[in-house]
Amino acid sequence: METAISREEQQRFSCCLIKLQSLVPTTDESFKSDVNSTLDTLNSINYSHCSIPDKDVNETLCRLCVLVPLGQDLLVAKACQLVVFVAHLKNTLTPHTIETVVEYVIEVIRRSPEWMKHDVLRALGALLYENGPTCLKFIDELLFDQPKGLLITLLESPDTEVKRLVLHCIGNLCMQDSDNKAIDESYLRKCLNILLQVLKTQKEPKTDELEYCRILYGALRGIQVILTSNKKIQLERLGDILATAKVYMLFGLPGISGPVPSTLYPSPYFQSEPTPPSPSSSQQKKEEVKDEVCLRPGGRGGGGLRSSALQSGKKTKKKSRAKQESTTASRVDVSPGTSRPSASNDHMSSKDEPDQLVTNGASSLHPGFISSSINSAVSLMPLWSRVSSSESEYSDTEGGQSSRLRSMMSKVRQTSLLCLHSVMKNTEKRIVFGYWSAFIPDSPPRPGSSSHTLFTSILKDSSPKARVAGVVVLSAMLEGSRNFLAAADDREIRHAAFTPFSRILAMSIKEIHRSLLLALVAETSSMTITQIIKCLSILVQNVPYKKLKEGLLTRIVRTIRPFFSNKDNNIRTACLTCLGSIIAAANPPLPEVSLLLQAKEMPTSTGSGTIPNMAAAAAVIAPECDNIAVSNSDASHTESSGFVQESHLNGGQRLTVQDSTVSSQSETSDRLPWVIRFCRGIIIPSTNSDCTGLINRLQLTPTSAAVGEVLPVKLEALQVLVQLAKNYFAVVRPVLQSISHIIVSCIDDPDPSMQLHGLKVLEEFGKALLYQLNPDSSVGGRLQAIHPPINVDEVVTLWLSLLNGPLPVILQHPRTLVLQAFACDCLSTIGPCAFELLPLDKRILCVTLLLGLSNDEDHRVKASAIRALGVYILYPCLREDVMFVADSANAVLSALEDSFINVRMKAAWSLGNLSDALIINKQNDDSVFIEEFSDLLLQRLFEAAIKGSTDHDKVKSNSVRGLGNLIRFINRQTLAKGNFPSLVDRTMYALIKNIRSGAMKVRWNACYAISNAFKNSHLDIGSASWTNDLYKAISNIILDCKNFKVRINGALALCSPMTRHCYGNQKQFTDLVTCVVEGLEKSGKVEAASELKYRETLTHQLCQTLCHLCSFLQIDDIRVLEQVWKANEVSLETFMCKYKKSIQIPEGNDIKGAYIQRAQNHLDGLLESCPADASHRSSIQWLNKQFSTEDEPANYPLENELACN
C-alpha cells in the first residue's frame, strides 16, 4: 500500500515539474492560474511517503524562482511553503540551487508585506540550515551593520514571531555543514554578540510571556549552535556567556528573578582568564553603561536550595496535598523524607540517554521544528506537514496555556544548561576553575539567601530533563579537575584572621558531596538518578580524599546502597561504576576504603552492617547531610523505584541456610567481604541456597541477582574486581580460591565480553600475585606487601586451575582475536617462581603456545605473544636454555620487520630483555650457553637493533638498550670474526646519533647503552675512530641537555671505562674532567619544575664520575687542570662535602665509597711521587683533601649554593 502511494506521489511531482518546464513567464491570468494550480499540487503532495530524486528537486526550486513573480504575494507565499517542505526531505541541494533560491527569498523579504514575513522567514531558515558556508555571499547583506542588514532590521520588528524566526535563521546560518565546516569566525562572533544582546534586553511590558520565552529559546539555541561550530569562540566573551547562562538556567523557577548581569568575573583565587582582543570603540561605548549589573563571585557561594518551611522540620505531607502541588508551576524544595513533584509534561522515560540530550541542541534547529499553532496571517500548509511541538499537546484553556508556558520555560532552562555544558567542555580547565565559585557553593544554603548555584537547578527544577542537564554540566566541570582540587585540605583546622583557599576548596568539595547525595535520595527519574551516580563517579576520581577528613566515601556507599537493587539496568551499572571509582580513588590505599571493603556486610546508616570505627568518621560531613538517611529514603524508593523493603538483622545474627545440600563453599562465603560476595553473586549464576542467603543479606531482588543479570552489570562487577586487585589486594588475599572460581567461570562463559573481562581480572590478579612474590618487581604499581605473605603454592594452584581449564582453549580456538591477545598478556604474569613449580607439560604448553602465536597474522595477537616471550626469557629456568633463547630471538627478529608499529615496539622491548638475559648468563659464567649461542644469530640481532635505532622513537628506545647489551656480551673470539668489527663501529655511531638528538627516553637509553658497552674490556675504546665523537656527544648533553635523567646517564657513561687509555689522549681526558666540573656548576639551573627531583641524583652522579676520573689523573693532567680547580674551588668543596655526607664508607661493599676511596688512594700516591718544591703540589693537596673522609672541611662557604632559576 505504501509503495503504491509513494509511486503515485512521485508521479504527481514529476507531472508538476514537466508542467513548470513547459510554462513561459507572461503577464496573462492563465499563466498565473497555471502556476497557482501547480504550486497547490506540489504543496498537497505527502512528501513523507515518497522519495524525490535530487535532480528533480533542484530543478523545481530553480524553475519556481524564474516563474513566480515577486509582486504576486499569494504565489510567493505558496512557493516559500514548498521550500520548507523540501527542506524536510533528505535530498541534497546543489550550491547553485541554494544561491539562486536564497537570493530570490531575500528579495522577497524586501518587498513582502508584513503578513508574508512569517512564511518567507521560515523558507529562509530552511535554506540556511547546514548551508551557511554555501551562503557566504549573502552574509553581509543579512548581518551588515551600516547599513543595517536584512535580519538586523527585522530583529527590531515589534512582531515577536518575526523576531523568533530571525533568531532561527541566525542559528541555522551558524550551523556546520555536512563536512563540519562553518562560516568564518568573525561572522560567528558577530552572531554571538547579536544573540547575547537579545538575551540581555529586558522584556517589554506588553510582550506575552509565552512569546518572550520563545524568543529566549531561539537565542539560546543559536548560541548553542555557535559554541558547537567553534570550540574556542567563547573565550573572548566567556564572562558574558557564563553570566547569561547562569541566569537563564534558573529561568521561571519560583523566587528567582532579576536582570542579566553584563558579565561574570573569575574568582580572585584563580585569575587565569585569557586576554581577549580589544573591542571596537562602538562596543566599548555599549559596555560602559553606568547602571550595569555585575556578578563578582567570591568564596561564598550557594544559597536558595532549601525553604524555611522545610528547614523548620516539616518533612511529612499528606498525599492529597502532594498531588495538588505536583500540578503547580513551581517545584517545591525537597528533603530526603519527601517525594519530588514532577510535572506530567516533563516526564522522561528511563530509555532516554543523556548524550541525546546534549546533541539534540543542534539537531533540533532543523527547519521542521516550527509549531503549527503559531498564528500567522496566511496558513496554507497541509495538515500533514505541520510539524507539531510539545505545545500542540495542550488545549487552549487557561490550564493548557499555563502548561504550555511551563513547558517553554523548561526548554529555556534546558537550552541554557546545554550552552553552559558546551562552554565547560570546550574551555581549558584552568580557565573554568576561576568561575567555580559562581556555580558551586562552599557552604550549605542559608534560609533567605538569594545566592543561587548549579545545585539550585539540580535540586529545584521540576523538569527531569533540566535536572539531567544540570548534572551533566557539573560532570563536565568536575572531569579533569584533579590537579586543581589537589589544593583542598581540611585535616587541620586553624583559627586565623582569614580562611585559606585550601579550606574553602575543601568546603566546596564537601558541599558538592552533600548536594549530590541529597539530590540522589530525593530523585524519582531513572535517567536523572543514573546521571547523578555517574557524576559521583567523576567526583570521586578527582577529589584528594587523603587530604580530607574521612567519611565522604562511606557516605556515598551508604547512599547508593539501595540503588544496587533498582530495576533499571543503567542505575545498577552506574552504581558499580561508582563503587569501582571509590576503590580507585585518590592514590589508594585509603584507610577509610580499606575498612569499608573489608567489612562482612554492606554498610548501612541504621547500624546493620556498619563498619567498625567508621561511624564517627562519616559524621564529619555537614550536618545537613545527616538528613540523607537510607532508612528514610528506602521508604520512598520502595514505592517509586521498586526497591525491596529492608529487613535488618537483630543482634548482628546472620541468616542461616536451612538447605541440607549447602556445600562447604557456602560456609566459606560468610567470611567473604561483602564486595566480593556481591560481585560474585552478580557474575556467577547460582541456584543453590547460598545465593538466596546472599540476596537476603544484600536486600537484592531476584531479578537483580545473579540469575538473569544483564551483561553490562556483570561487566562492571568484573571491573570492580579489577580495581580491587590493583589497589586493595589485601581484601581479596584470604579468598583467592573464590576469585579463581570467578575467573574460570568468566573465561568459560559463552559470551566473548565476559571472557574478555575475565581475562582482564586474571591479568590484574596475576600482576598482584607476581608483585607479592617479588616485591622488587615493577609490576606492582600501588600495591603494598600484605601479611601473611602469599605462598607460591597458592599461585601455582591458581594457574593450574586455569591451564587445566579454559585458558588453553582460548589461546588455540578463540572466538575473537582480542581474546587471544589478552590471554597472552595473562600468561606473562605467571612469574618465575610459580612457572618453575608448574609441571613440565604445562611449562611446555605455555612456551609452545606463545612461540606459535608470535607468528600469528593478527598484529594484536602477535604483539602480545612477543611481549610475553620477552618476559619469559628472563625466567631463570628458560634463560639458560639455548634453544628457547634462539627460538625467541628468531620470533623477535621476525616481529621487528612487521609493518605495525605496535608489533615492532613490543619486539624491541623483548629484544632489550633478550640482551639482558645474555648479559646475566655472561655474568654467571655460563660458558656452555656462551659457546652454544650462535654467532650468526648474534650478528642478526646486531643488524636488527641497528635498524631499530632509526625507527620510531618507541622502537628506538629499546633498540639502543639492546645494542649496549649486545656489545657488552660479545667476546674477544667473536669480535675478531668476519663482520663483527664493522658491526661494532656501526653500533657505536648509531648510539652517538641517538645521544645527540631524539626523544629524551631514547637519549638516556643510548647513554645507558654506552655505559654498558664500556664495560666490555675487549673494545679498543681509546683509539677507535668513534671515540672522539662519542665523548663530544656525552660532554654536550652533560652541559646543555634540559633533561636531568639524560645528564645522569651521560655522567654514568663516563664513569664506566676502567683504564686511562679508554679516555684517549691527554687533551680529551682533561676536557672530560673540565666538562664534569662545569656540569656541577650548571646543575643548579633548572628550567622545568619536573626536573627538581632529579637534581640531587645528578650532582651525586657527577661527583662520583669526578672521583672516577681523578683516580686516573697524572702529574701532567694536574698542571693542565690547575686553573679549573682554582676557578671552581668553593663550589667543588661544597658539592664534595655534600657527596661525602650522603655516603658511608664500610669495609668495601659500598660502591660510592669505593669510588672516593680509590681516588684518594691514587692522589696519595701522586703526593708521594711529587717533589716537595713542585708548583702543582698544592693543587694535589687541595684535591686530595676533597676526597679525604677523615678531616672533613667544616662550614664551607655556600655563596654558590644551588638555586632554581
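**Reading a residue and its helices**

Mentor: Let us begin with lysine 862, which has its place in helix H42, residues 859-872. Please keep in mind that this is a predicted model.

Trainee: Is lysine 862 buried or exposed?

Mentor: Burial is judged from relative accessibility, with buried meaning under 20%. Lysine 862 has a relative accessibility of 10%, and therefore counts as buried.

Trainee: Which residues is lysine 862 in contact with, leaving aside its neighbours within four places in sequence?

Mentor: The contacts of lysine 862 beyond those neighbours are Leu853, Ser854, Asp856, Ser894, Ala895, Asp898 and Val903. Lysine 862 lies 40 residues from asparagine 902 in sequence, while their C-alpha atoms are 9.5 Å apart in space.

Trainee: What describes two packed helices?

Mentor: The description consists of the angle between their axes and the distance between the axes. Take H10 again, now with helix H12 (residues 238-248): their axes cross at roughly 40° and come within 11 Å. H10 is therefore oblique to H12, and their crossing is left-handed.

Trainee: Which residues meet there in H10 and H12?

Mentor: From H10 come Leu192, Leu196, Leu199 and Lys200, and from H12 come Asp240, Ile241, Thr244 and Tyr248. Sorted by class, the residues of this contact of H10 with H12 are five nonpolar, one polar and two charged.

Trainee: At what angle do helices H50 and H52 pack?

Mentor: H50 (residues 980-996) and H52 (residues 1027-1040) pack at about 20°, and their axes are 9 Å apart. This angle makes H50 roughly parallel to H52. The crossing in which H50 passes H52 is left-handed. H50 contributes Met988, Tyr989, Ile992, Ile995 and Arg996 to the contact, and H52 contributes Asp1029, Leu1030, Ala1033, Ile1034 and Ile1037. Of the residues in the contact of H50 with H52, eight are nonpolar, none is polar and two are charged.

How values were computed:
Residues are numbered from 1 along each chain as its sequence is written. This is a predicted model: local features need pLDDT of at least 70, side-chain atom pairs count only at pLDDT 80 or more; totals for chains, interfaces and linings use all residues. Side-chain values use heavy atoms; hydrogens and water are left out. Axes are lines fitted to C-alpha atoms, for helices over the stretch in contact, and angles run from 0 to 180 degrees between N-to-C directions. Helices (H or I, at least four residues) and strands (E, at least two) are DSSP runs, numbered from the N terminus. Angles under 35 degrees count as roughly parallel, over 145 as roughly antiparallel, 65 to 115 as roughly perpendicular and the rest as oblique. A crossing is left-handed if the near helix is turned anticlockwise from the far one by less than a right angle, and right-handed if clockwise. Contact means heavy atoms within 4.5 Å. Ala, Val, Leu, Ile, Met, Phe, Trp, Tyr, Cys and Pro count as nonpolar, Asp, Glu, Lys and Arg as charged, and the others, Gly among them, as polar. Buried means under 20% relative accessible area, exposed over 50%, partly exposed in between (1.4 Å probe, protein chains only).
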